[in-house]
Amino acid sequence: MKKTLIITYYWPPAGGPGVQRWLKFVKYLPEFGIEPVVYCPENPNYPIIDQSLVNEIPDNITILKQTINEPYGLASWFSKGSSKKISSGVIPKAKKQSLIEKAMLYVRGNYFIPDARKNWVQPSVSFLSDYIEKHKIETIITTGPPHSLHLIGLQLKARLGVRWLADFRDPWTTIGYHKDLKLTDSSKAKHIDLEQKVLNTADEIIVTSNHTKNEFQNKTKQPITVITNGYDVHSVRVEVKDEKFTLSHIGSLLSERNPVVLWETLSELIQDDEAFSEAFKLQLIGVVSDDVIESIHQNGLNNHVDVVGYVSHDEALKFQMQSELLLLIEIDSEDTKAIIPGKVFEYIVSETPILAIGPKDADVEQIIKSTNTGTYFNYQQKAQLKLQILNYFEAFKNKTLTVNAIGLQQYSRKVLTQKLSEIIKGR
């Protein structure tokens with residue numbers, strides 16, 4: 001068994017899609033001759049907790065933990081609500097930000113580069129240097145965000161010459177929220193410099209989308225491999241679908257991820273079609289920003305929306321399978337074309353059609369269309385969007401609303417882990 005050290009911030013009981021990528025890799029790596037050793041914080045400030053994921057940690061896995069000093073505890077002393085929102089990625093629109101929120105964003109962006117976990121870098125390098133040499137570990141993997149973890153890999157590479165793979169679940173300097181951090185020019189330059197050092201020092205780069213690969217190929221000559229997120233086998237089953245024509249969104253709906261064109265379309269359908277009005281329900285499972293709720297109310301959807309809030313992973317799977325339609329939303333931006341939400345892969349095996357709205361030519365559009373699991377629209381296609389919802393509604397009434405998926409096996413967690421194991425072994 002080839003020992004590999006995985007350096008991650010998110011690990012159960014953290015909730016959300018970020019933790020599941022490496023939890024599943026760790027689950028299957030031993031089947032391909034890799035013994036994973038996980039390094040994560042002892043006392044992290046996770047904005048979302050999902051205790052059910054603890055049960056998925058494989059037995060006999062070595063897990064190393066070290067204390068982390070994070071600023072969110074101090075920030076919550078000023079405003080607990082704002083601190084929790086910002087740490088979970090919910091950033092209010094600029095015109096609605098309080099003075100405290102503006103100050104928090106400025107401090108976060110300019111005094112904690114690359115992110116609020118930067119103080120964990122030096123203690124981790126000191127601890128792991130001894131561990132790597134003692135246990136003869138040849139390969140380390142860092143996964144970000146938070147991208148400060150890549151700085152741990154950068155220093156370990158310089159100190160020990162260990163083989164280093166850098167896994168980017170999201171881009172770094174082009175990720176959407178960077179524009180909200182009130183970065184000064186010098187701070188932007190520091191981010192770019194650190195990104196360049198990581199991309200050009202790591203022995204290999206792993207990304208989750210083709211758009212990110214294309215972006216990074218303009219910044220480094222190091223080999224880059226796309227390994228998407230995926231789906232795993234599970235035992236969750238539902239007997240029947242919802243009686244209502246339920247459109248469900250699983251996951252966070254942040255301020256900028258607010259599809260006003262959809263709310264307008266649904267409002268028109270409710271006003272024009274009594275049968276649609278009686279049958280339709282919008283179900284939001286996860287963190288939802290106040291801006292999104294306000295837009296929904298402004299379009300008269302108050303009596304048709306159910307905001308469930310965050311649920312466990314198993315409960316989320318049940319909602320997916322019970323719903324008649326699954327909603328996927330991405331911000332209408334060039335920067336978000338590379339974003340493939342982890343839930344997409346659970347969506348495509350849920351046997352529930354997907355209704356997706358996002359930027360034109362996004363990577364997720366190709367996945368949905370190639371697997372025949374739903375429809376994808378950009379924000380300018382209101383008429384086509386409206387017609388498709390009506391078509392789905394007619395199929396719902398006729399009890400013919402089904403999915404005939406194809407080519408899903410390539411996105412199974414086990415297949416993806418085999419691909420990762422080949423990189424770890426140096427092919």
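In this predicted model, residue S186 is found in helix α7. S186 is partly exposed, with a relative accessible area of 46%, a value that lies between the limits of under 20% for buried and over 50% for exposed residues. Its side chain makes a polar contact, at 3.1 Å, with the side chain of T184. In space, S186 and N110 are 8.7 Å apart from C-alpha to C-alpha, although 76 residues separate S186 from N110 in sequence.

The helix that holds S186 runs over residues 185-201, and its 17 residues reach 24 Å from the first C-alpha to the last, close to the 24 Å expected at 1.5 Å a residue. Within α7, the residues S187, H191, L194, E195, V198 and L199 are buried. These residues lie on the same side of α7, because they cover an arc of only 130 degrees around the axis. In general, an α-helix has 3.6 residues a turn, so residues three or four places apart point the same way.

Elsewhere in the model there is an open sheet of six strands, arranged in the order β10-β9-β8-β11-β12-β13 with parallel pairing. Its edge strands, β10 (305-307) and β13 (374-377), each pair on one side only, and the twist from one strand to the next averages 20 degrees.

Notes
Residues numbered from 1 in each chain as written. Predicted model: local features only at pLDDT ≥ 70, side-chain atom pairs only at ≥ 80, totals over all residues. Heavy atoms only, no water. Pairing = 2+ DSSP bridges. Helix = DSSP H or I, 4+ residues; strand = E, 2+ residues; numbered from the N terminus. Axes fitted to C-alpha atoms, helices over the stretch in contact; angles between N-to-C directions. Expected span 1.5 Å × (residues − 1). Buried < 20%, exposed > 50% of the residue type's maximum accessible area, 1.4 Å probe, protein only. Arc of directions from axis to C-beta. Polar contact = N/O pair within 3.5 Å; in protein donor to acceptor, adjacent residues only side chain to side chain.
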